[in-house]
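Morning, everyone. Please bring the model up on your screens, and we'll walk through it together.

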Amino acid sequence: MNSKKIAATAVLTALSIGTNYAMLFIFNVKLMDLIVFVSGYCLGPFAGALVGAMSWAVYGSLNPMGFSLPIWLSTMVSETIYGLAGAFLHTALRREGVANPKQWHRGIFVFVGLLGFFLTFIYDLITNIVFGYTSGWNMLYALIVGFVPMGFIHVISNTLFFSLGSAPAINALLSVFGGEKRDLS
Amino acid sequence: MTFLKNRWILFSMLLASWALIASFFAGYYWLQYSDTINRIGGVPIYSNFGVDYGNSTRSWSNNTKVLTGMTLFKATRGIWNVTYETASGFGVYVSSINGVASDSTQGMGWVWWKWDQFMNSWVRVDISADVYAVADNETLLWYYESGWPPPPPP
């Protein structure tokens with residue numbers, strides 16, 4: 001990683017943690033996942049995963065909702081999928097010559113929203129399984145109660161954020177960190 | 001993302017996300033329902049129970065309130081005076097109802113029957129009364145009789 005990427009990773013991690021604390025009063029609605037996804041899109045898989053893991057490393061250890069080591073570790077690991085998915089999406093779109101969000105058509109916006117849906121679903125599934133194990137609840141009960149209504153809010157809000165927020169966030173990030181070439185690679 | 005040009009891909013993804021949401025909501029309401037049933041012990045239903053003593057004497061307990069999941073054995077014990085034995089692997093054997101006891105010398109015993117509304121006849125259900133869950137608006141009859149297979153009640 002070059003110094004520009006390291007700086008961008010640190011700033012995005014701080015932004016991600018900051019928004020999490022700022023949005024504490026809105027239960028399970030967080031911009032963190034979008035920020036991690038966008039980080040992966042702009043900075044690559046490693047930096048994207050790092051933003052996700054480090055965000056949870058800090059937020060999870062100073063979590064106002066309480067601390068649980070297995071859940072903390074699972075969220076740290078699970079959060080990286082957003083960064084990895086962002087990077088893979090960038091690779092796929094670059095091949096098609098539409099990596100710049102200004103070139104995105106309606107189908108890509110819908111796809112990115114649905115990607116957010118499935119990524120959030122996988123994230124919630126993993127963390128709910130770990131929660132089920134640690135709490136000693138019946139696994140089926142933990143999965144269902146973890147998803148409805150809490151996970152549902154998370155999934156729907158992320159679908160909207162990813163669909164509507166990815167393009168402006170990527171544009172902003174490239175403008176701020178990408179310089180005239182709008183390139184962070 | 002060439003595959004995005006095929007609109008069915010996005011449509012399939014939408015359907016899959018809908019299916020996931022619907023499944024989890026179904027699971028959630030199933031949990032809520034199970035929890036409510038566990039707390040209140042069941043939903044009240046109304047069924048008809050009868051006892052035929054085999055001597056043309058038949059007594060009925062019509063529109064009797066029972067709870068969903070309640071077995072015939074439990075419902076019968078709630079209405080009449082029942083003694084029983086437990087046979088390992090065979091469930092509960094009702095040995096007497098209201099003092100009328102099984103008589104092994106004459107081969108007399110209690111057999112339960114269910115009124116089939118479609119066939120308009122009594123049908124024997126070959127499971128123990130402590131396993132059979134009473135359904136709403138059913139008519140069930142205990143018949144004191146002999147012989148095998150036991151003849152249906154008149």
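First, a term: two strands pair if DSSP finds at least two bridges between them. Keep that in mind. Also, this is a predicted model.

Let's begin with chain B. An automatic or database assignment divides chain B into domain 1, residues 2-40, and domain 2, residues 44-145. The C-alpha centres of domain 1 and domain 2 of chain B lie 43 Å apart.

Now find helix H1 of chain B, residues 7-40. Gly27(B) sits in that helix. Is Gly27(B) buried, exposed or partly exposed? Count its neighbours. There are 17 other C-beta atoms within 10 Å of Gly27(B). Buried takes 20 or more, and exposed takes 12 or fewer. So Gly27(B) is partly exposed. Next, look from Gly27(B) to Ala133(B). They are 106 residues apart along the chain, and their C-alpha atoms are separated by 24 Å.

On to the strands of chain B. Strand S1, residues 44-52, pairs with strand S2, residues 58-67, and the two are antiparallel. How many bridges link S1(B) and S2(B)? The count is 8. For one example, take Phe49(B): its bridge partner in S2(B) is Ser61(B). S1(B) and S2(B) form a hairpin with 5 residues between the strands. In that hairpin, Gly54(B) has a positive phi near 80°.

Next comes an open sheet. Its 3 strands run in the order S3-S4-S5 in chain B, with antiparallel pairing. Which strands are at the edges? They are S3(B), residues 82-87, and S5(B), residues 100-101; each pairs on one side only. S4(B), residues 91-97, joins S5(B) through 2 bridges. There, Ile97(B) stands opposite Val100(B).

One more hairpin. S6(B), residues 109-116, and S7(B), residues 121-124, are antiparallel and joined by 4 bridges. Trp113(B) faces Arg124(B) across this pair. The hairpin has 4 residues between its strands, and Asn120(B) in the turn takes a positive phi of about 60°.

Over to chain A, and its helices. Just after H4(A), Gly97(A) has a positive phi of about 75°. Just after H5(A), Gly136(A) takes a positive phi of about 80°.

Now the inside. The largest nonpolar core has 39 residues. Which have the most contacts inside it? Leu34(A), Phe37(A), Val38(A) and Leu115(A) do. H1, H2, H3, H4, H5 and H6 of chain A each supply at least two residues of this core. Click on Phe37(A). Beyond its neighbours within four places in sequence, Phe37(A) is in contact with residues including Tyr82(A), Gly86(A) and Phe162(A). Another core, of 19 residues, lies apart from that one; among its members are Val94(B), Ile97(B) and Trp112(B).

Last stop: where the chains touch. Here 14 residues of chain B are in contact with 15 residues of chain A. On the chain B side, 11 are nonpolar, 3 are polar and none is charged.

Notes. Residues numbered from 1 in each chain as written. Chains lettered and ligands numbered in written order. Predicted model: local features only at pLDDT ≥ 70, side-chain atom pairs only at ≥ 80, totals over all residues. Contact = placed C-beta atoms within 7 Å. Nonpolar A, V, L, I, M, F, W, Y, C, P; charged D, E, K, R; others polar. Core = buried A, V, L, I, M, F, W, Y, C linked by C-beta atoms within 7 Å.
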